[in-house]
Structures are given as C-alpha cells and as structure tokens.
Amino acid sequence: MRQLAKPGAPKGRSRRAVAGAKEKAVAGSFRRLCFAAVLAVTFFLYYRFSQLDDPCRGRYIHVCKLPPRFNTDMTRDACRGDGRWPAGACESIDNAGLGPPLADPADGVLTGEDGWYGTRQLALDIIFHNRMKRYECLTNHTAVATAVFVPFYAALDFARYAGQDNVTRDAASVDLAEWLKWRLLYDQQWPQDGHDNFLVAGRTARDLARDGGNSGGPNWGTNLLARPVGRNLSVLVLESSLAPNASEFAVPYPTYFHPRTDADVFRWQDRVRGLQRKWLMAFVSGKPRGTEKAATATIHDHVMAQCKASDACGHLPPDPDCATGTDHGECHSPVKAMRLLQSATFCLHPPPGGSPPSYTRRWVFDAMVAGCIPVFFHPASAHLQYRWHLPEDHAKYSVFIPEAGVRAGTASIEAVLRAIPAATVARMREEVVRLIPQVVYADPRGKLETVKDAFDIAVDGMLDRVARLRN
C-alpha cells in the first residue's frame, strides 16, 4: 500500500510560513509607525520653530463678518436724510470716519492735507473698523485667532434712535445677541469665552447700559451692556462705568488730528514744543449745567467762573446757538478751539456733569495734542480710566486739584498753577508731547511705521487681557 505523506510535515511548513508573514507584517507596521513618529516630530518641530519666527504669534485677530445691518447699512442710512440722524451725521462719517477736512484761514496749519479733520465722537466705531481692516495680523480662521473683533456700530445705533421708545432703541442689541448666539453654535472653533470677543463704541458705558444701574434713567440710551451678550463681551468705550468686574475699557476720545505717517507725528510734536504760550491756563467750556446759585452750581460752573475772573485764563465759550445736550466738541469751531489750547500752558478739564454723569470731555485729548498740560478736578476724568494710554504716574503729565476746594472757594486754580516750578512745568509739557501719538487715531488710509497710536495701544491692551484670562 502506498504510504501517505506525513500529515505533520506540510502543517509545520505552513506554520513557519504564517509566522514569517506575521513577522514581516509586524516589521512593516513598526517601520510605518516609526515613519509616522518621525513625521509627527518633524511637523511638531517645524510648527514650533515657525511659531518662534511668526511676528503675529498671539496677535491674530478675526474680524467677525456681521450682516451689514449692524454697520455699513447704518452709514448708508445716515446720508438718506430720513430725520432720525443728528445734524451733520452724514458729513461726520466721510473720509473713513474722520469727517470733513478742516480749513485754517490763519496760517494753513490745521488743514486736511496735514491730517486735521472735523471728527465727531460717534465716528470712533467707523475709524476703528477701518483701521482693523488693515491690521497686520488678521486671520480668517477663528481657531487660530487670539481675539475676535465684532464691528457693531453701537454709537451710530445710539444716535439714530435717540428719543425713540426703549424697544426701538434696543432692537439692534437684541438682534446682535441672537446672531452671536447662533454663530457660537454654528462655529465650534469660535472662541467660546465671550471676553475674547470685543467691540468698540464711540459712547460712554453709561450711554449703553440703560438697565444696568449706571444710566441716565429709564428713557436714556440702549441696554447693550446690560444684556448678557454685552456683559460677556469686552467693550472699548470713551468712558467706562468704573463698576467692579466690568468688562469695559476706556479709550481716548477721537481728536481732530489724524496723522498719516510717522513724519506727520514728529513734525507736529516739534511744532507744539516751540509754541509761545501767552495764557497760563485755558478753558473750552460747554453750556452751564447749573444755575447762578452756588448751591446748585456744578464744578464746571465754578471752574468757568474762576477762569472768567482771571486775566491769566483764556476762555472759549460755546456757540450761543448750540443746543444743550449736543455731543462734546460740536459747540465750538475746531480751529478756534485748537488755537486757544495751543496758546496755554495748562488746560482746565472739570467733569461736564449731566445725566447720565460724564467725567471726561474730548477736549482732554485735543488739549494734549496741543501740548497743553491737563488739569483735572475728579479722578474719574482720566486717572481712573485710560490705563492703557496714559501713564500710571499721573503727576508726570497732569495736575490734580480736588473739586471740593474749588466748590468751597478755598482753592484758587491760578494760585495752584503759579506755584508749580518752571522746571517741573517743562518736564510735564515734554511728557504731554511724548504722549501725543498715544492719544490720536491715525488716518486709516495711511500707515505709521515706528509709532504706536491709540488704536495700536488699544489692540495691544485687548490682546494682553485675553492672554491673562487664558493663563
């Protein structure tokens, strides 16, 4: 009988073949794993070193693409003359938000060609948005953005519905809140901490917090900052409420000066250093807020009275036809005001008062541009605000006279200022001149190379805040 093959022989060869195949497979997998690991390390090292060389690291900003009803539609509607907008609103948002160019009949210095415009405070929203469009570290990807800019024109929204009912004034804020809520749900890469998102408003915080306990009553302003969306956003305003844990940050009022180049800044600084100043002090006043009776007179009225009684004080009263309650700066000729401010050593800045209360006026910053040393009577006028833009050591650039003594008649403003040594005055004026670029907004159509303006400092402050919150 034919002997059959041993059943174990083929089986052994099969096992060896399978084992070899497994070894080859394991080896191949190991090689692929090693290759993947090397590739991962390579990409990691490339990313790390590229980040070290990335000048925008930690500075990327994503500009939220809001529907036009939240911004550009407002600028379009402002020029339609439908009666909702304040006088001159269309003209004031021309030239990228800077307003109409100034014409100086005296010596041709304060002109549009040299960067001077009739800028109004509500245009800050537009100016900031136009500057942000040219920011050097923009990104379309929210995942890599350190912060998100929300270009909602809150100041224009305030202006168009002033005097309307609360529902009408709040409609855009409600609409914005809903839009942002759905955006957060749609884009999971969007920074989920709302304080990473910021907007800019050319109004005071009290103008935008009607129901937040800091407003001028139940019929004043909007409730944007009193709503959850407003409390969760970081908001740059002209004056903060100074409320504890508020996410508002004060930035300078827009001035009339908007340099296009570094040379514009340096040329202006040289000019104000060499000016002859015939007045010891100057006051660009608004409409009297109180009455002739001392018991009801405001600090503004007391300062104006001392200025009028002094031969050393230059005073520019408001236009007699200017309506009460008009935005700061619109009751005076910009050229006349700047002429006065340039001719004085000290400029007086009492709180304008009013309801809701305001502690600062645009003239604080226009006067600094003129090289005039600011004199404050309330710490909220500047010392408790503008922390990003002004020195922490307030005595380096300003004088503080407590308003209680002025109200009581025991403090003479002129006597206090005359007692300051000439060398100290010179140092203070030089510090004011040094600060000029930090309190002006450059022309969005130009570019500063080595100088940081108010926009740059505000953006740096916002990015630093986000970094601190994340750490």
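The crossing of α8 and α14 is right-handed, where that label applies if the near helix is turned clockwise from the far one by less than a right angle. The model is predicted, so to speak of local features takes pLDDT of at least 70, side-chain atom pairs count only at pLDDT 80 or more, and totals for chains, interfaces and linings use all residues. Numbering runs from 1 along each chain as its sequence is written, and side-chain values use heavy atoms, with hydrogens and water left out.

Back to the helix pair: α8 (residues 262–273) and α14 (residues 422–435) pack at about 160 degrees, and their axes sit 10 Å apart. Helices here are DSSP runs of H or I with at least four residues, and strands are E runs of at least two.

Next, the second largest pocket, which holds about 400 Å³ of space. A pocket is an open set of points on a 1 Å grid over the protein atoms alone, where a 1.4 Å probe fits, with protein on both sides within 12 Å along at least five of seven lines; lining residues have an atom within 4 Å of a point. Its lining counts 21 residues, with Arg-131, Glu-136, Lys-447, Leu-448 and Asp-456 nearest the centre. Helix α15 (residues 454–470) gives the most, at 4 residues.

As for the backbone, Leu-242 has a positive phi of about 65 degrees despite not being a glycine. Leu-242 falls in the loop between β4 (234–237) and β5 (248–250).

Terms used
Grid points are joined across faces, edges and corners, and a volume is the space filled by probe spheres set on the points. Axes are lines fitted to C-alpha atoms, for helices over the stretch in contact, and angles run from 0 to 180 degrees between N-to-C directions.
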